[in-house]
Amino acid sequence: MNRTDDVSPLNDQPGPNENTDPSATGDAPFVAKLVEPAAVEPAAVDGAATSLAAETPVRIGSPFRVDPTDLATPSEPEKMLTLSGEAAYGEYGPFLYTAMGASSAAVVVLVFAALGTWWFPAGGALVAVLGTVLSIIGLFSRRRFRYAAIGTLPLHMVLFVLSYARSLA
């Protein structure tokens, strides 16, 4: 099962690759500026880095925020790595949506494979192979799409055998 099977369809949480802040994405394009480092002697850089590291902590967060003097710095919580047992590529958003689309396409291709089996058996065999591949990819999708893929997979296999047998005769 995917980690998205436990989430209700009404409360979909953003995945690891999705932006949680809608205001962060604007219409203005991102323009990068090339910055050249200044020519400084390596000994001076090492001495300055060690003196800075010993005196001040590394600043995390907004450079414009002013810290209150009476608050202590909160420690960052440890992140636990959780493995679901699924294939590693099944946990990411783009492949999940690709699998959902493949499962939906397998249902549509089922109609064309059935028509091809009856009207043009050699083409029906090729379309049934396509539907089989789409159903296999659809097995990595969310629960309701996975059930559709599980249902269409044997139908595509039967249509392939029928088309192949009719094309030989």
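How close do the axes of α3 and α4 come, and at roughly what angle do they cross? In this predicted model, the axes of α3 and α4 come within 8 Å and cross at roughly 160°. Angles over 145 degrees count as roughly antiparallel, and α3 and α4 are therefore roughly antiparallel to each other. The crossing of α3 past α4 is left-handed. Sorted by class, the residues in the contact of α3 with α4 are 13 nonpolar, nine polar and two charged.

**The chain as a whole**

The protein chain has four helices and zero strands, so that its elements, read from the N terminus, run α-α-α-α. Of the 169 residues in the chain, 22% are buried. Among contacts with a separation of 6 or more, 73% join residues 24 or more positions apart.

The mean pLDDT of the protein chain is 76, with 53% of its residues reaching 70 or more. Among the elements, helix α1 (residues 42-55) has the lowest mean pLDDT, 55, whereas α3 has the highest, 95.

**Helix packing**

| Helix pair | Axis distance | Crossing angle |
|---|---|---|
| α2 and α4 | within 9 Å | roughly 25° |
| α2 and α3 | 8 Å | about 160° |
| α3 and α4 | within 8 Å | roughly 160° |

Helix α2 spans residues 93-119 and helix α4 spans residues 143-168; their axes cross at roughly 25°. That angle makes α2 roughly parallel to α4. The crossing of α2 and α4 is left-handed. On the α2 side, the residues in contact include Met100, Ser104, Val107, Leu110, Ala114 and Trp118, and on the α4 side they include Phe145, Ala148, Leu155, Leu159, Leu162 and Arg166. By class, the contact of α2 with α4 has 14 nonpolar residues, six polar and one charged.

Helix α3 covers residues 121-138, and α2 packs against α3 at an angle of about 160°. That makes α2 roughly antiparallel to α3. Again the handedness is given: α2 passes α3 in a left-handed crossing. The contact draws on α2 residues including Ala99, Ala102, Ala105, Phe112, Gly116 and Trp119, and on α3 residues including Pro121, Gly124, Val127, Leu130, Leu134 and Ile137. By class, the contact of α2 with α3 has 14 nonpolar and seven polar residues, and no charged ones.

Ser135 is found in helix α3. Is Ser135 buried or exposed? At 0% relative accessibility, Ser135 counts as buried, because buried means under 20%. Leaving aside neighbours within four places in sequence, Ser135 is in contact with Ala106, Ala149, Thr152, Leu153 and His156.

At 43% relative accessibility, Ile136 counts as partly exposed. Ile136 and Ala99 lie 37 residues apart in sequence, and their C-alpha atoms are 8.8 Å apart in space.

Definitions and conventions:
Residues are numbered from 1 along each chain as its sequence is written. This is a predicted model: local features need pLDDT of at least 70, side-chain atom pairs count only at pLDDT 80 or more; totals for chains, interfaces and linings use all residues. Side-chain values use heavy atoms; hydrogens and water are left out. Axes are lines fitted to C-alpha atoms, for helices over the stretch in contact, and angles run from 0 to 180 degrees between N-to-C directions. Helices (H or I, at least four residues) and strands (E, at least two) are DSSP runs, numbered from the N terminus. Angles under 35 degrees count as roughly parallel, over 145 as roughly antiparallel, 65 to 115 as roughly perpendicular and the rest as oblique. A crossing is left-handed if the near helix is turned anticlockwise from the far one by less than a right angle, and right-handed if clockwise. Contact means heavy atoms within 4.5 Å. Ala, Val, Leu, Ile, Met, Phe, Trp, Tyr, Cys and Pro count as nonpolar, Asp, Glu, Lys and Arg as charged, and the others, Gly among them, as polar. pLDDT is the predictor's confidence in each residue, from 0 to 100. Buried means under 20% relative accessible area, exposed over 50%, partly exposed in between (1.4 Å probe, protein chains only).
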